[in-house]
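Follow the stops in order.

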Amino acid sequence: MAQTKKINLGLQGGGAHGAFTWGVLDRLLQEEDLEISGISGTSAGALNGAALKAGMVSGGREGARENLEWLWMQVAGVSDLRMGDWMAPFGLQALSKQLEYSLPVIMGNAVTRLMSPYDYGALYSNPLKDIVEKFNYDRVCDHHAPLFYVGATRVRNGKIRIFEGDEIGPDALMASACLPTVFKAIEMFDKTTGRDEAFWDGGFTGNPALFPLFNPKLPADIVIININPLERDEIPTKPAEIQNRINEISFNSSLLRELRAIDFVQRLIEEGTVTSHEMHRVRIHMISDDVLMSKLSATTKMVANPHVISQLKDAGTAAAEEFLRGDVDNIGRKSSVDLRAMFS
């Protein structure tokens with residue numbers, strides 16, 4: 001029998017591109033020798049984490065897989081992703097371009113540049129509300145593993161706020177996914193400041209936040225499921241491409257800062273300047289598909305198209321399969337990501 005490998009998950013946000021993470025998680029949950037001990041999620045990553053945790057508590061691995069599928073059926077607004085199969089001949093990249101340059105999307109983007117969500121009056125609604133209110137929070141907040149953390153950004157001072165345990169409810173999940181150009185800030189009482197606070201998307205300050213996973217009760221291996229491309233070879237020249245790359249850089253910056261800090265601490269430990277008892281040793285692994293994600297526009301993050309979601313799920317499954325064929329052997333031994341080379 002294979003030895004159990006314990007991991008933590010860092011789940012990035014990225015709107016409907018979070019379906020890629022669904023595919024990764026669905027595949028990892030089928031590996032009996034992989035044990036998920038902790039989860040830190042932001043935006044779509046927080047929704048994926050909540051679905052996994054609630055399903056795991058009620059029905060183990062299969063319960064988690066079923067709950068993740070339920071979540072993405074809710075997001076896509078369908079009961080069967082095959083309903084989008086008629087779009088398959090277009091291909092994912094072509095469909096992304098079609099959506100990006102469609103009249104409704106162009107008009108919608110223009111509106112968000114000219115109007116605030118606060119200008120909509122009685123017409124305003126947050127579409128995530130109906131979804132997050134359906135979660136069973138007794139299970140999401142259950143004290144058994146995996147430990148679950150949700151990141152959001154406090155608007156007043158721009159600091160990250162990590163919700164955990166009984167703090168996690170519909171407002172915390174909506175706060176974590178609150179893009180300020182699309183949604184009104186989520187307002188709630190914050191016990192850490194003792195006052196009512198407004199919150200925006202956690203991606204601005206932690207996408208995802210890794211430091212909650214430095215808990216000594218958790219294993220040292222963190223598997224980051226990355227859905228925002230770290231690199232793009234082509235220079236963006238069109239307005240939509242420029243805005244898309246600005247968003248990717250912004251939402252990756254907090255992750256890169258944490259990874260740089262981790263690299264610095266690991267070097268101090270290796271040099272003997274500090275001991276592993278003083279600083280937490282962390283091993284970093286990553287599952288991503290930058291080649292695919294670089295071909296998609298920001299539009300496919302905002303438009304929950306069933307075919308796009310289905311294809312992203314398949315891509316996530318393939319990326320997880322590749323990880324399981326190689327990098328998974330590094331768990332418990334060394335990082336799969338060469339942080340030194342990343343920042344050289």
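Start with the contacts of the whole chain, where contact means heavy atoms within 4.5 Å. Of the contacts with a separation of 6 or more, 78% join residues 24 or more positions apart. This is a predicted model, in which local features need pLDDT of at least 70 and side-chain atom pairs count only at pLDDT 80 or more, while totals for chains, interfaces and linings use all residues. Residues are numbered from 1 along each chain as its sequence is written, and side-chain values use heavy atoms, with hydrogens and water left out.

Colour by secondary structure. The chain has twelve helices and eight strands. These are DSSP runs (helices: H or I, at least four residues; strands: E, at least two), numbered from the N terminus.

Of the 344 residues, 50% are buried, meaning under 20% relative accessible area.

**The cores**

Select Leu 9, Phe 20, Leu 28, Leu 52, Phe 135 and Leu 173. They have the most contacts inside the largest nonpolar core, a set of 66 residues. Such a core joins buried Ala, Val, Leu, Ile, Met, Phe, Trp, Tyr and Cys residues through side-chain atoms within 4.5 Å. Now select helix 2, residues 44–76: its 13 residues are the largest share of this core. A second, separate core has 16 residues, among them Leu 213, Leu 255, Ile 262 and Ile 284.

Go back to Leu 9. Beyond its neighbours within four places in sequence, its contacts include Leu 25, Ile 36, Gly 38, Leu 213 and Val 223.

**A buried arginine**

Which strand holds Arg 154? Select strand 3, residues 147–154, to find Arg 154. Arg 154 counts as buried because its relative accessibility is 6%. Leaving out residues up to four places away in sequence, Arg 154 touches Asp 190, Glu 197 and Phe 199, among others.

Last, select Gln 266, Glu 270, Arg 281, Val 282 and Ser 335. Of the 13 lining residues, these are the closest to the centre of the second largest pocket. Its volume is about 200 Å³. Helix 8 (239–271) and helix 12 (339–342) each supply at least two residues of the lining. Helix 8 gives the largest share, three residues.

How values were computed: Buried means under 20% relative accessible area, exposed over 50%, partly exposed in between (1.4 Å probe, protein chains only). On a 1 Å grid over the protein atoms alone, a cavity is a set of points where a 1.4 Å probe fits but cannot get out, and a pocket is an open set with protein on both sides within 12 Å along at least five of seven lines; lining residues have an atom within 4 Å of a point. Grid points are joined across faces, edges and corners, and a volume is the space filled by probe spheres set on the points.
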